[in-house]
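Hello,

I am passing on the structure we spoke about, and below it you will find some notes on what turned up. Please read them with the structure open beside you.

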Amino acid sequence: MREDVQNTVNRVDQGRLWRRLMEMARIGAIPGGGVNRAAFSREDIAARALLVAWARARNFSVAMDAIGNLFIRRAGSDPRAAPVMTGSHMDSQPRGGRFDGIYGVLAGLEALEAIEQSGVKTRRPVELVAWSNEEGGRFSPCTMGSAVYTGAKRLAEFLGVKDNEGIVLKEALAETLAATPTAEKRELNAPAAAYIEAHIEQGPLLEQEGKTIGVVTGIQGLRWFNVEVFGETAHAGTTPLESRRDALREAIAAINTLHALARDAGDAVRFTIGRMLVTPNSPNSVPSHVLFSVDVRHPDAATIARLGEAIEPAVRAAVKRCSVRVTPTLQDDPCAFDPAVVDCVGRAAQALKLAHRRMASGASHDAMYLARVCPTGMIFVPCEKGISHNEAENARPGDLAAGARVLTAALLELANWPAATTGDR
């Protein structure tokens, strides 16, 4: 490793990174040590304000685009060069942990701080991005900010989406944008030279194998659906079972059928029913309407396509006494990361003498949309027992700092890539 890179990496401050993670964890803190920081909520706005304050203390520029993605930039020596980007998300699951997403944001900030403190000049700007609504826990679907930024989706598709309280995304987004009035305006689909996202693994492999760094090679594909079952409400005490149009009973039959469809001998399919809304949701009324979500994932393109196409026919075959509506809400094909960026991350881990392995991501990340528009990679660090989307989510300060050091070294290499490598516009 070059001396200037090593000196910069040495400026990554484990204590500062940990303190900031704990300070962010107080915003939206819930019992059990977790976080509830929904996209475009008061808590999300407060977390953004704190990040902006830390950035401006270093005189980094701050910008925001139309969907609220937040950009923090350290300038490069070539004003025409597209930036090298890093980042993740600040929103959480309703019962989320302290590290999912926010680690990648604060590791990116730590990398920018280390580069700034070292005085190293990069040809390209280095830019931190906090992507909006990655989780999709409040406004579905997930990875919304990166999908809109890269042009994979249009902002207009999402403005009418409502949360469980009936709040429209357009209104919540407007409040979020107004909370940072001094941010520069950033255009959607602006060019990027490369992107690296640091993240906790959200699985057990690194911890089980005693590895500190996961060099991520790609992300498995997924399909999301909303399934609605329409029945008829009736009195629970007087209506015979055989004459009921019980939407919940029929939904359960459909769910059992889908579980059977997703079962595979190799246990490679990931199938989840994560959300269910029942109407009228009364203990002595037969349910008239049920909405449930379907999340199915697999790393093989043909397999995920087959499973996705089988969802609606399987539901319709299982539901006998009610009507059904199946709405696809998200489709992402398996994603392979750019070999040059993957190799760059691997070289950084090797140079820092950190135990590492190559691996695919089972979870979706904003990186899958960035991979459509620029060379992309990811860095994983272990999380305790592989637990994530859970208040008990935990990670060790030393592992988090190691990931930030690998990120810093990789960003420095990418920030000096020639124009011919990335196609500056």
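Please keep in mind that this is a predicted model. I begin with strand E9, which covers residues 213-219 and is mostly covered, since six of its seven residues are buried. E9 pairs in the parallel sense with strand E16 (residues 356-361) over six bridges, and within that pairing Val-215 has Arg-358 as its bridge partner. With strand E17 (residues 376-381), E9 runs antiparallel and is joined by three bridges; here the bridge partner of Val-216 is Met-378. Strand E15 (residues 335-336) is also antiparallel to E9, joined to E9 by two bridges, and Gly-218 stands opposite Ala-336 there.

The second topic is the aromatic rings, of which a search of the whole structure finds six pairs. One of them is formed by Phe-71 and Trp-131, edge-to-face, with 6.2 Å from centre to centre and 85° between the planes. Because Phe-71 lies in strand E4 (residues 70-74) and Trp-131 in strand E6 (residues 126-131), this pair ties together parts that are 60 residues apart in sequence. Both Phe-71 and Trp-131 are buried. Ring pairs link Phe-71, Trp-131, Tyr-149 and Tyr-195 into a cluster.

Finally, Arg-186 lies over the face of Phe-71, at 4.2 Å from the ring centre, while the charged end of Arg-20 sits over the ring of Trp-54, 4.8 Å from its centre.

Best wishes

Methods: Residues are numbered from 1 along each chain as its sequence is written. This is a predicted model: local features need pLDDT of at least 70, side-chain atom pairs count only at pLDDT 80 or more; totals for chains, interfaces and linings use all residues. Side-chain values use heavy atoms; hydrogens and water are left out. Buried means under 20% relative accessible area, exposed over 50%, partly exposed in between (1.4 Å probe, protein chains only). Helices (H or I, at least four residues) and strands (E, at least two) are DSSP runs, numbered from the N terminus. Two strands pair if DSSP finds at least two bridges between them. Rings of Phe, Tyr and Trp (its six-membered ring) pair if their centres lie within 6.5 Å; planes under 30 degrees apart count as stacked, over 60 as edge-to-face and the rest as tilted. A charge sits over a ring if NZ of Lys or CZ of Arg is within 6 Å of the ring centre and within 35 degrees of the ring normal.
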